[in-house]
Amino acid sequence: MVKKYTRYFFSLVLVLLMIPQIAIASNSNRYEDFTNTTPKAIVEAMKLQEPALQAYQNLWNSFEKDESGTPIYPDDYAGEYISKDKLVIMLVDPSQSLKEDYIKRSKDGEHIKFENASYSLNYLNSLSSVAQQLSDQNYRISVYGVDRKANSFFISIIQEDYEKLMKNQSLTLQKTIENLPIRIEPGAPNTSTSALWGGDRITNEDNGAGLSVGIGGTYGGNNAILTAGHSNEKVGIFFPRYPYIQYLSTQTGQVVYQRANTSSSATGVGTLGDFAVVKLTGSDTATNKVYGGVSITGTYSSVPVGTTIYKYGATSGYSSGTVNQISLTVTYSDGLFTTYTVSGLYQSSMSNSSGTDAIAGGDSGGPVYMKDGTAYKLHGIVTARQEPMSGYPASIMYSTPIYYAVDAGFTVKTS
Amino acid sequence: MSNQFVTKSFLWWCVVLILIILFAFWAYRTGTALYHNHQLRVQLPTSTSDSPYRQQVPMEQMDLTAYDTFFPKNFAAVDYPLTHRIETPVTLRYYSEIPTDKTDVVLEIAKGTTIIAVPENTTGSAFQVEGYGYTSYPTYKEGWRYVRPFMTTEGMDQAHNDQYYYVRMDSLEAVLDKVVEVNKPFQAAIRQQGGGINKGKHAIARYIDNALYQHGAYLSPDLFYRVVDRWNTMLLSAIGLIIVLLLLNRGTWIRKNK
């Protein structure tokens, strides 16, 4: 009995000790100076490297650059790396005169070391075509590039696809790369750690469709974002599943709820609105932010004709306008096979300051919001646009009011 | 029962089984095509107005804007990463009329020329523009289409592109094959329909024909499935060959089966 209470007591003490630490961590400030927390060994190493880094800077400046500012390396140059206080320059068959040339470029004879390499950097960079070929064959590559120290090219393919590649193409692959300095290895998918804002561009991984983030929130207790329902239908014939969604070319989540009616004779709740809820499965976070520094603090689903609204789309950006019609049933096309017939939509006339398209492909799912006093409230998300007359910018926008997504279980983040 | 007898008998049944399978396959393909064609005829919607096609107005005199209302005007605001420019896999020959032996080619785009296959900077569908490239109008003759030619990346003046010409459907389908091959969104859209890649390409190449049909404006000859196509011809040839072989070796089978 005494033992049991002792355990409870120590657990309680532990929890109490954690409270100030959590408080300190949550109080961290974006402008806080962290230099005093750097370990001593790191500070010393940085100091030791300073002359070698300066030599590298000089070397970098000595290279010609292309239009984008990327250096054009000489054909004998194979890379470089820092080792203690030395800059190690790797050269292919370096002669004495070549070494002298590089000492001249780096303006430092004392902190330079040379290493003989088999392959030039230009040649190693050209091997990216192999990675491209693998990518074209739908193998998901997490990272590829030149391993400078190893003087080789490496391609890291995510584990699942790596196994597939080894199983299906082991011999062909070996034949392709046997005489090339290429290392193929299994890797893990990269995860991004971004805060997703309304108006950010996201991509359906399965069909490539580009859409916009509407707003962050929760769905079934999980962090989620709202976007358009069209182009986010289930994929696969035998084992249909909802598509995966990417942000900045990295998988951020998967659609868990989708609605965009395609039957012209359907009625009922399933025909109301066009939206999809994406559950965030990576480390990206949902926010109540919208591009332009706007913070959504509430919703205003039902607005009357004449209300002034704003929208932000990943392609056309910011535009503003007025609600023309409400509760419409609109038929719109994905441009090829699928025709959607969706009820409960709003129609608005939009424009932007530059007189260009106020709504464009890629804006679907973007936030439509309004100002209520000093607060910004979410009205809904972008759905479709009307084809403009030749020579005129696209201005007629159809949007889905937020109510339908809320009714389906999505909670809009308001702080 | 000798081993030889078992082997011969077994082989005979195998050949018969193959014959039945080939025949069933041929019957299915032919039956499906005949049924599809029959359904097209009986289900053609009735139109209140007489379309220029129904009045047999020559293509050159036809006001194609009369069909504008048949096509969608509202589009989902989605952005697709499309490869617009490809090298044409076949030589495209455009004519000012459906050619006879002596008709000259008015415009020729050589195989390997880079063309703008998927229209760029569209205000409507991202995949197609009615009357351009592979989105052609049907004519009154099967296999011939009426369309503005693909723009090339070099040298083609706009006047040529505003002009409609006649072109073979199979050459447009060859371009479409390549467009689908290099564009994941096309493949995804076709898969979503669940009918196979060839059926999808067939539908894209006949986009306008389908719109005209749905509005009762015209039953295009290109909408019909071919009853006698390459596959059916091959199947029928194989069936005939097997039957001939069976008949020629009839004596062998009968003797061994006694």
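## Strand pairing and chain contact in a predicted two-chain model

Two bridges connect strand β5 (residues 114-116) of chain B to β8(B), and the two strands run antiparallel. Within this pair, I116(B) stands opposite M151(B) in β8(B). Strands here are DSSP runs of E with at least two residues, helices are runs of H or I with at least four residues, and both are numbered from the N terminus. Two strands pair if DSSP finds at least two bridges between them.

This is a predicted model, in which local features need pLDDT of at least 70, side-chain atom pairs count only at pLDDT 80 or more, and totals for chains, interfaces and linings use all residues. Residues are numbered from 1 along each chain as its sequence is written, while chains are lettered from A and ligands numbered from 1 in the order in which they are written.

**A sheet in chain B**

The β5-β8 pair belongs to an open sheet of three strands in chain B, ordered β2-β5-β8, with antiparallel pairing. At its edges stand β2 (85-87) and β8 (151-152) of chain B; each has a single partner strand, so one side of each is left without a neighbour in the sheet. Strands of a sheet pair through backbone hydrogen bonds, either parallel or antiparallel.

**Chain A overall**

Chain A holds seven helices and 25 strands. Of its 415 residues, 37% count as buried. A residue is buried if 20 or more other C-beta atoms lie within 10 Å of its own, exposed if 12 or fewer, and partly exposed in between, with C-beta atoms placed from the backbone. Among contacts in chain A with a separation of 6 or more, 67% come from residues 24 or more positions apart. A contact means that the C-beta atoms of two residues, placed from the backbone, lie within 7 Å.

**A mixed sheet and a kinked helix**

Chain A has an open sheet of three strands in the order β3-β4-β5, and its pairing is mixed. The edge strands are β3 (77-83) and β5 (112-117) of chain A, each pairing on one side only. Neighbouring strands of this sheet are turned by 25 degrees against each other on average, direction ignored. Strand β4 (residues 86-92) of chain A pairs with β5(A) in the parallel sense over six bridges. In β5(A), N116(A) is the bridge partner of L91(A).

What is the span of helix α6 (residues 159-177) of chain A between its end C-alpha atoms? The helix spans only 19 Å, whereas a straight helix of 19 residues would span 27 Å at 1.5 Å a residue. The expected span is 1.5 Å times one less than the number of residues. A kink of about 90 degrees in α6(A) is centred on Q169(A). The bend at a residue is the angle between axes fitted to the seven residues ending there and the seven starting there.

| Strand pair | Bridges | A bridge pair |
|---|---|---|
| β19(A) (308-313) and β22(A) (367-372) | two bridges | Y310(A) and Y369(A) |
| β22(A) and β23(A) | six bridges | M370(A) and K377(A) |
| β20(A) and β21(A) | ten bridges | S320(A) and S351(A) |

β22(A) and β23(A) have two residues between them, and G373(A) in the turn has a positive phi of about 70 degrees. β20(A) and β21(A) have five residues between them; here G335(A) in the turn has a positive phi of about 100 degrees.

**Where the chains meet**

The contact takes 37 residues from chain A and 22 residues from chain B. On the chain A side, β11 (210-212), β20 (317-333), β21 (339-351) and β23 (375-386) each supply at least two residues. That side divides into 15 nonpolar, 16 polar and six charged residues. Ala, Val, Leu, Ile, Met, Phe, Trp, Tyr, Cys and Pro count as nonpolar, Asp, Glu, Lys and Arg as charged, and the others, Gly among them, as polar.

Strand pairing also crosses between the chains. β23(A) and strand β1 (residues 74-76) of chain B pair in the antiparallel sense over three bridges. A384(A) stands opposite A76(B) in β1(B).

**A glycine in a loop**

G214(A) sits in the loop between β11 and β12 (215-219) of chain A. Is G214(A) buried or exposed? G214(A) is buried, because 37 other C-beta atoms lie within 10 Å. Not counting residues up to four places away in sequence, G214(A) touches several residues, including G198(A), I225(A), G365(A) and I381(A). G214(A) and F275(A) are 61 residues apart in sequence and 9.4 Å apart in space, C-alpha to C-alpha.

Technical notes
Axes are lines fitted to C-alpha atoms, for helices over the stretch in contact, and angles run from 0 to 180 degrees between N-to-C directions.
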